[in-house]
Each structure stands twice: as structure tokens, then as C-alpha cells.
Amino acid sequence: MSMTVISQAPVEPPAVTVRRQTPSGRIAMTLAVLGLIALAAMPWWASTGTIRSVLVLCCYIAVAQMWNLLAGYAGLVSVGQQAFMGAAGYALFVFAQTLGINPFVAVFLSLLVPAILAVPLYFLLHRLDGPYFSIGTWVVAEVFRLVASNLPLVNSGAGMSLRVMSQYSAFERNVAMSFLCALMLLVTLGGSYWLLRSRFGLALIAMRDNPVAAASQGVNVAKLRFLIYVAAAVGCGLAGAVYFMAQLRINPPSAFDPMWANVAIFIVMIGGIGSIEGVLIGSLIFFIADRWFGEYGATYFVVLGLMTLLVALYARTGIWGMISKRWDAPWFPIRRTLVDPDR
Amino acid sequence: MQWFDALVQGVLLGGMYAQYALGMALMFGVMRIVNISHGDLVILLSLIGISMAMAWGLGPFTVLIILVPLGVFMGWLLQKAILNKVVGSDPLPSLIATFGLSIALQNLMLQIWSANSRSLPGEGIESRSIDIGGIYIGLLPVIVLVVATGLTWGLDLTLKRTRFGRALRAAAADVEAAAMTGINPRAVYALATAIAVGILGFAAVFQALRSTVAPADGAAQLIYAFEAVIIGGMGSVWGAFIGSMVLGISQGIGFRIDPGFGVLAGHIVFLIVLATRPQGLFGKA
Amino acid sequence: MSAVLSTHGLVARYGDFQALYGVDTELHAGEAVALIGANGAGKSTFLRAIMGLLPVAREMVRLDGEPVGGTPTDRMVRKGIAIVPEGRRLFSGMSVEDNLRVAIDQAARMGAKGGWTLQRLHQLFPILAEKARTPVQSLSGGQQQMVAIGRALLCQPRVLLCDEISLGLAPKVIREIYAALPEIRAAGTAMIVVEQDVGLAKSASDRLYCMLEGRVTLTGNSAEVTREQIGEAYFGAGHAVV
């Protein structure tokens, strides 16, 4: 960080330009575009099994990035985003299976449900102070689970199946899943990147660093928090709808599984909070760890829990924080750098 | 009559929740920390108590005498090893640290004790009941309620009348100013957490006596404690006690309406209080 | 005569922002020293640095010649330094008596010896006896300041640091509070008084230091320094004295 003191007023400002992209950013952007294309083209190069695994990875990334936006920028530490995943998942099943709407239309229609639910919920939950907000979000997810367990519309505790999907061939389903994966990452990661580079981005970063100071500089912290909360609800809803569309089944314990909160927190804390790079790193680590060590069950989760604890105690910036301290090569640069072309 | 019975059962259930809620209210009041592993610590203490009772044939009272000091020690250790490093104005580090601890504890318990539900043999206390005008009230719930009332009263008196209580209230009001009068905040915090988890020693015994415990049960206990604290209003131990009663009664009546509705009824009352009186029933606006 | 409290090249910063640049001061037993300077000159930072509320190097602060810089605040109190903090910082929600008792408790715990008792404090500020049961947040500003001074005195300090005790108070109340300072000094307590009002500072002290932008720009006997000297030290060289 550098500061310049301008003492004499009537001097022509130097002809500087604002540089917002970096070489590392350009490489990463190219790779990201290629990655999205490869993702959308999966049916032509990957097996159905691979597509299913990649879909789960994409859901991890999406949910983790939404948690990152909430906790890393807006200061809203939610442990109940599964409420919106399950709500959108259930909405998809009701729209497509019960009401007979085309499932690929219903996926998008189902996003209205988390969006609409998030508004009153935010006005309830934001009254809770700091850590109590977090437990409040958990209560909401529990309420959703219990309501779903008692609601005949969604077949109560027995859950629902998405039988309409059998109208489509395996290839058609793979095309849809792959396209939705690519879209999900574009919306959650691309959307976040766009948000952070926009006018709101500066406000968000200011808010992350110091909410009180940001408010005094004219950032409408309350409104921004509300918008982030609703956006994260929709993002998590998209992940939930896609995930349960691939699962073909939904029931209350799976729809509102607190495991998603564990996953999001682990990914973001290990990878590095407050950065998109951290989410990608953390997601890959968790995905690989889950495949290799998932069979160890409880022991594996003891290790995950302890790692989360240790990161919170000793390395709050996570892996990306340590990397970026050493090398200044962001994949998704959001800083504005002043460049003087005369030098 | 059956509604009156539901009310009585609810009050007794509230006595159980009060034992969870007191410690949470105390810790939040002084440090602005919520320990996500609060419920898991109850379960851990319960399981240790059950194993000891099984191995050595101990009665519930003996188990209580062992678990309370063990809880005090665990609380002190929790503060020294973890919470003192994350206490501060930013809620994130303490949430994440205790969240990680919660996952680790739950799965560690799963490894040691398996997912089975267990309970503590109560030497007949759990099945005895008193007949008051046609309503049978279990002896155990009455003991739970009496102990909860005693703990609330004792904690309130400690905060109001003792040197430690004044130091704790001072640190809660302004920790830097407290240090300026010679209070060592970390020592006060360690004692507060030790008391909070020590009270969970009581909860652990009663929980294991009145029903069963399994490694995954901690989350629900955390949520009930939280709801009780918010319903009652932050900042007072009697608020937490009354909040526990309201939550217990809501659940008791809910269970009577439909067994699937009991817990949900508690959540709904919590949300109604949050919507209409966010400072809690006894909080100052 | 050796100093009770002294600072040696004291440097302090808030994150990236450096607030003190090598401040040398000393305070002798029983002495009252005033610290004056404009807003943002570093006066409060100086007191916070002494109290261990900001990270400073060990050698930069000495108490009875012993290096104590960066010692945790509660241990500084145990060593005999107390502060009346800026903005009073009372324990809201607690009564006047409980606020004072917190300090009494801690002094008793540490076995601190000193002449300050509740009775003596009540003689100094009779209103505190009258308001003993009142919650501190419902007191007037002046009464709150008396509680803050009382709370610091009950820590039984050898050195008392007073941070802007006149701030926001009516002139009559300020006189009342400053009238208590000689009695505190008579008990043998040395004092550093941070004050914006130069006249008040001069009359309440033996010596004074003037700070500007984190540095000491003037030091001398309070009775001898002139308005011109202070004006120059207060605003920097070249400024006219107002």
C-alpha cells in the first residue's frame, strides 16, 4: 500500500491509466474459459461416472464460493446455506414431477424459491448479534427440514423421486448436466468475480477490511449485506437444484444436510477466505481427500475438523493467503493498479 | 387435564435446557463467543460418565461428582488451548475454530462409542414418580428442575456478589477498561468457560438419565441452548432460565399435539420471538 | 533524582500508521507533569503505549529503572500505574459502588498497599457516596469522571495517568475535578496529566511536555514556559501565537 501526498493543487494530474489485469490473470482467464468449454463438452469426452463426479465437485465449488461471499466479504457467517439448497431442490421436484413443467425449465424456475425465502429470513436473522447469526441460520435449515418432513405436498418424510427424467436418454441427461455444471460455475465464480471488480467490489472489500470505516465512507453496509445474502441463497439454490437433479431423489435429511456447511467451511478456510483462488484450491483438496480418505469415515472427519480448527488458530488466510504472500500472481485480479505510462 | 400435563412436562424439559443455556449465556455475555461444540461437550461428558458407570458400577450421584470437576477442567483447557487465541471483535475465528472442534469431537466419539444410543443406569430414580392430584410427575424431572433453578440462582448470585462476578461483569462491559483496573481478562475468561462447561457436567448426567445419548446428538442441544438464550434475552442468567422454560413448554405442548411437531413448535416460538421481540422477553431494547 | 517512570525513544504504531517517533520523557516521585498538544499529537497514544495497550519494545518504558515496555495492562496496574482513560470507560450496567469495587477487589487480590479507601474517596468526591447504588450510565459527565478517577485511585497507584479528564465537561465541573488533584498529589502519587487546555495544564503541573505529530517539541517548568514558546511547540515553528 502506498500513499501520495499532494501538496500543490494547481498541477496537471499525471497521465496515468488504471491497470486491472495482470499477466497471471490473463493466463488464468484463458484457462478458465477453456475449462468451462471443456466442462460443457463433457458428454463428448467423459464417461457418465466422470460427469457425476465432476458435477459434485462443481457443487462444492459453487456452495463454497457462496459461503466465501457471505463470510469472507459480507461478514455473515452462515452455517445454514443447506436450507436454500434443499428448498430449491424440493422446488425443482415439485415443479417438474408434481406440476409437470419441463425439468430443464424447472431448474431455473426453482431458483425463485430461495430468492423469495431469503428476503424475510434475512430480516429475521440480521437481528442476531455476530455468532448468534450463525446458529440462527442453522435453526432455519432445521425448520426447513422439519417442515419438509411434515408437508404432504413434498411427500413428507418419505421424500420424492424425479421420475420424469426417465423420458430423456442418458446422453441427453449428460448434455444437460454438463451444461448446468458450466453454467453453475459461470454464475457463482464468474458472477462473484464480476461483482468484486464492479463498483460494488470496492465497497465489498472495504467492508471486509473494516465495516465501520466502510460505512463512514458511504458504503451502505446493511443493503450490501442483504443483497449478498439473497445472491448467496440463489447461488446455493442453483447448486442444490443441479445436485438433486443428478441424484434423482430427495428427502428431508439429504436435502437439508448440514454436511454442506462443513464442506463449505472446510474448503474456504483451508483454501483461503476472501479469495476466489482459495475456493478453487480448497475444493480440489477436499474433492481429492474425499475420494482417497472418505472410506476412513469418522477418522477422516476428525482430521478435517482438526485441520479447520488449526487453520482458524494459526493460518487464517489459508493456503492462498500463504501463496499470495510469497508470489504476487493472482488468478483473478481485483485490484486497481495505477500505471504511469511515462515511466 | 392432558394439556396441564403437557405444560408440566414442558417446564421439566425446560429445566434440562436451562442447564445448557446458562453456560452459553455466560460465555457469550463475557466474550461474545458462541462455542459450537457446546452440545458435543455435553454428549462427551455423558458418554464418559456412562462408560465409567458401566466399568466401575458407579451410581448417578458418583458420576455427577466426577463429571462436574471434569467439565470444569475441560472448560479451562478449552479456553487456554483454543478460545483465548480466537477471542476478539471478529466472530469468524471463534466460530470456525469451535466448528472444527465440534466436527472432530463428534467423529471421535463415533469412533470410540459407535453410533449407538446409550443411557446411564439411574438405580430406579428415572422411573420413580410422584402423584400430585392425579398427575404423575417423574421424580427425575423434578430433580432436574430443582438443580437448574439452584444453578441459575447460584450463578446469578456469583455474578452479583463475588469478586469474580464483578470482574466478569467488568470484562463483559469493557475488557480494556477491566484490564486497566488490574483484571487479567484471560484468567476471567478461563474461569467463565470452566464454569460454563462445569454446568454441562450436570446436564450430561441428567440427559443420560432421562433419555439416551448418541455422538450425533450435540447439534440439537446447541440449538436448544441458543434458542433459550435468545428467547429469554441476552445478558441475564434468569433470562436464559425463563427462555428455557418457554422453549420447554412450547416443545411439550407441541409434542402433545403431534410427536412430529414438538421440536418444530419450539423453533416456531423462537422465530416468533425473534420477529416480534428481537431483544428477547427479558432483554432491554 | 531518578525517575519513577521514564520513556526512552518510545515508538508506537497502529498498523501501518506510526503515531509516536522516539518520545523521551521522565516523571519523578510525587511530581505532576502535564502533556499538552493538539488533537492527534499522540498524547493518548503515549499513555496507551505506557499502559501496555499498544505493542512497544521492552526498553522503551522503564518503571523505577526497570524495563517494562509492552507488559500486559493488568500487570502494569499491579506494578503501580493506573490510568483514567479517555472517555472514562466505566463499566456500564454496573452501579457506582460496583465500578469502584472492581478496583478494590483487584488491589486486594494483588496485595497492593496504598492509602485509598472508599471512605477517603467519598471525602474527595462526596457525590459518589450519595450515588453509590446508581448505575453509572445514568450519572452526569462530571460524576462519571469522578468515578473514573476514583476507580483508578483505588488501584493504589504510585503513578496516575489522566487522559483528558476535562473533556466535554462544564467549566464549573472541571474546576471541581481539578481541585481534587492537589489532594491526590499530597498522597504521594505522581501524575501525568494529558490536557488540551494549556492554562489548566500549566496550573496543575510542575513541568510540562508539549507534543506535535508524535514528537516532544517543548519541555520545561510549567511556571517558566511562555505563551510564545508553547504556541510554537503546539503548532510547529513559524505559526503565529493566537
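Q: How do you know that residues 6–29 of chain B form a helical span?
A: In this predicted model, the span is 100% helix and 0% strand, and its end C-alpha atoms lie 32 Å apart. UniProt, in an unreviewed entry, places a "transmembrane region" at residues 6–29 of chain B, and others include residues 64–83 and 95–115.

Q: What makes residues 64–83 of chain B a helical stretch?
A: Over these residues the chain is 100% helix and 0% strand.

Q: What makes the contact of helix 3 of chain A with helix 5 of chain A nonpolar, polar or charged in its residues?
A: Phe84(A), Ala87(A), Ala88(A) and Ala91(A) in helix 3 meet Val113(A), Pro114(A), Leu117(A) and Ala118(A) in helix 5. Ala, Val, Leu, Phe and Pro count as nonpolar, and the residues of this contact divide into 8 nonpolar, no polar and no charged.

Q: How do helix 5 of chain A and helix 10 of chain A pack, and what is the handedness of their crossing?
A: Helix 5 and helix 10 (residues 221–247) of chain A pack at an angle of about 145°, with their axes 8 Å apart. The crossing is right-handed. Among the residues that meet are Val113(A), Pro114(A) and Tyr122(A) in helix 5, and Phe226(A), Tyr229(A) and Gly237(A) in helix 10. The residues of this contact divide into 12 nonpolar, 1 polar and no charged; Gly counts as polar.

Q: How do you know whether the radius of gyration of chain A agrees or disagrees with that of a compact globule?
A: For 343 residues, a compact globule would have a radius of gyration near 20 Å; chain A has 21 Å, which agrees. The secondary structure of chain A comes to 15 helices and 4 strands.

Q: What makes up the side of chain B that touches chain A?
A: The contact takes 36 residues from chain B and 31 residues from chain A. Helix 3 (60–86), helix 4 (91–113), helix 9 (218–232) and helix 11 (262–276) of chain B each supply at least two residues of that side. Helix 4 of chain B gives the most, with 16 residues. The residues of this side of chain B divide into 27 nonpolar, 6 polar and 3 charged.

Terms used
Residues are numbered from 1 along each chain as its sequence is written. Chains are lettered from A and ligands numbered from 1 in the order in which they are written. This is a predicted model: local features need pLDDT of at least 70, side-chain atom pairs count only at pLDDT 80 or more; totals for chains, interfaces and linings use all residues. UniProt positions are given in the numbering used here, feature names are shortened, and annotations may be inferred rather than shown by experiment. Two residues are in contact if their C-beta atoms, placed from the backbone, lie within 7 Å. The radius of gyration is taken over C-alpha atoms; the globule rule is 2.2 Å times the number of residues to the power 0.38. Axes are lines fitted to C-alpha atoms, for helices over the stretch in contact, and angles run from 0 to 180 degrees between N-to-C directions. A crossing is left-handed if the near helix is turned anticlockwise from the far one by less than a right angle, and right-handed if clockwise.
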